Amino acid sequence: MSKTRIIIIDAQKDFTEPGFAYGKKQHALNHIGAVVQKLDGLLEQTQPGQVILVYSSYIPNQFEAGFSACIPGTEGHKLSLKNIQHCQQFEKKGHSCFSSNRFCDHLRQQQADHLILCGFLTEYCVKATALDAISEGFRVTLYPDLIGSADEKQAIKEQELQLLAQKGADIHWAGHSAL
């Protein structure tokens, strides 16, 4: 019997809201805003323990000089989602959720074997997590309408999803529900 967990990655203001770190670098976050709304709707439909939130805690300039995001204690580090009170939460310090030992231990304790990955950003943390999950033997499902990138990054998002499908991820295009 499959033990499925929904993983929401980096739904933090620095990645999801204009005026914060990623929004200052990109021209439009309309796509990301739509994904946040869908994730809030998904959270209203899920049972306690079904969803795991993984958030980034980075140091200044961790990935690029002059770009600091998700620094603990800042407004941009806060989550953008509602209805998260019943979700397990784990901190990560790298792109992949598997950079968190606590997250990995939790998946083992829960005997999870299927991960539905949602969140931000497709070309970085979602991709890294999906590749690590596949290499660790998890079945991985991605719903493109629950994964976000800036409006001008949609072609890159499509390319990354195609790559992940080639690596073994199951991609469910528009009109499918994660539940």
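1. How many bridges join strand 1 to strand 2, and do the two run parallel or antiparallel? There are four bridges, and the strands run parallel. Strand 1 covers residues 4–9. Within this pairing, I7 stands opposite I52 of strand 2. Keep in mind throughout that this is a predicted model.

2. Now look at the other partner of strand 2. Five bridges join strand 2 to strand 3, which spans residues 88–92. This pair is parallel too. Here I52 has Q88 as its bridge partner.

3. Is strand 2 enclosed or open? Six of its six residues, 51–56, are buried, so the strand is largely enclosed by the rest of the structure. Its side chains point two ways. V51, L53 and Y55 go one way. I52, V54 and S56 go the other way. Both sets are buried.

4. Next, the core. In soluble globular proteins, nonpolar side chains tend to be buried together. The largest nonpolar core of this model has 55 residues. I8 and L142 have the most contacts inside this core. Helix 3, residues 30–45, gives the most to the core, with six residues.

5. Which residues does I8 touch, once its neighbours within four places in sequence are left aside? The list is L39, L43, V51, I52, L53, V54, L81 and C118. Several of these belong to strand 2, including V51 and V54. Select I8 and trace these contacts one by one.

6. R5 sits in strand 1. R5 is buried, yet has no salt bridge. The nearest side chain of opposite charge is D113, and it is 7.9 Å away.

7. What does the side chain of R5 meet in a polar contact? The partner is the side chain of Q110, at 2.9 Å. R5 is also in contact with other residues beyond its sequence neighbours, among them G49, I52, A112, H114 and I116.

8. Turn to charge pairs. Side chains of opposite charge can pair when their charged atoms come close. A search of the whole structure finds seven salt bridges. One of them joins K92 and D10, with N to O at 3.1 Å. K92 is in strand 3, and D10 is in the loop between strand 1 and helix 1, so the pair ties together parts that are 82 residues apart in sequence. K92 counts as buried because its relative accessibility is 0%. D10 counts as buried for its own value of 0%.

9. Another salt bridge joins E64 and K25, at 3.0 Å from N to O. This pair also links distant parts of the chain, 39 residues apart. E64 lies in the loop between strand 2 and strand 3, while K25 lies in helix 2, residues 21–25. E64 is partly exposed, with a relative accessible area of 37%. K25 is partly exposed as well, at 40%.

10. K78 and E75 form a salt bridge too, their closest N and O atoms being 3.0 Å apart. Which residues make up the network here? K13, E75 and K78 are joined by salt bridges that share partners. K78 is partly exposed, at 45% relative accessibility. E75 is partly exposed, at 37%.

11. C70 is not a glycine, yet has a positive phi of about 55°. N83 is not a glycine either, and has a positive phi of about 55°. Are they buried or exposed? C70 counts as buried, at 0% relative accessibility. N83 counts as partly exposed, at 33%.

12. Which peptide bond is cis, with omega near -20°? It is the bond from F120 to L121. L121 is in the loop between strand 4, residues 114–120, and helix 5, residues 122–135. Find this bond in the model and view its omega angle.

Technical notes. Residues are numbered from 1 along each chain as its sequence is written. This is a predicted model: local features need pLDDT of at least 70, side-chain atom pairs count only at pLDDT 80 or more; totals for chains, interfaces and linings use all residues. Side-chain values use heavy atoms; hydrogens and water are left out. A nonpolar core is a set of buried Ala, Val, Leu, Ile, Met, Phe, Trp, Tyr and Cys residues joined through side-chain atoms within 4.5 Å. Buried means under 20% relative accessible area, exposed over 50%, partly exposed in between (1.4 Å probe, protein chains only). Contact means heavy atoms within 4.5 Å. Two strands pair if DSSP finds at least two bridges between them. Lys and Arg count as positive and Asp and Glu as negative; His and the chain ends are not counted. A salt bridge is a side-chain nitrogen of Lys or Arg within 4 Å of a carboxyl oxygen of Asp or Glu. A polar contact is a pair of N or O atoms within 3.5 Å; within protein, one must be able to donate a hydrogen and the other to accept it, and residues adjacent in sequence count only if both atoms are side-chain atoms.
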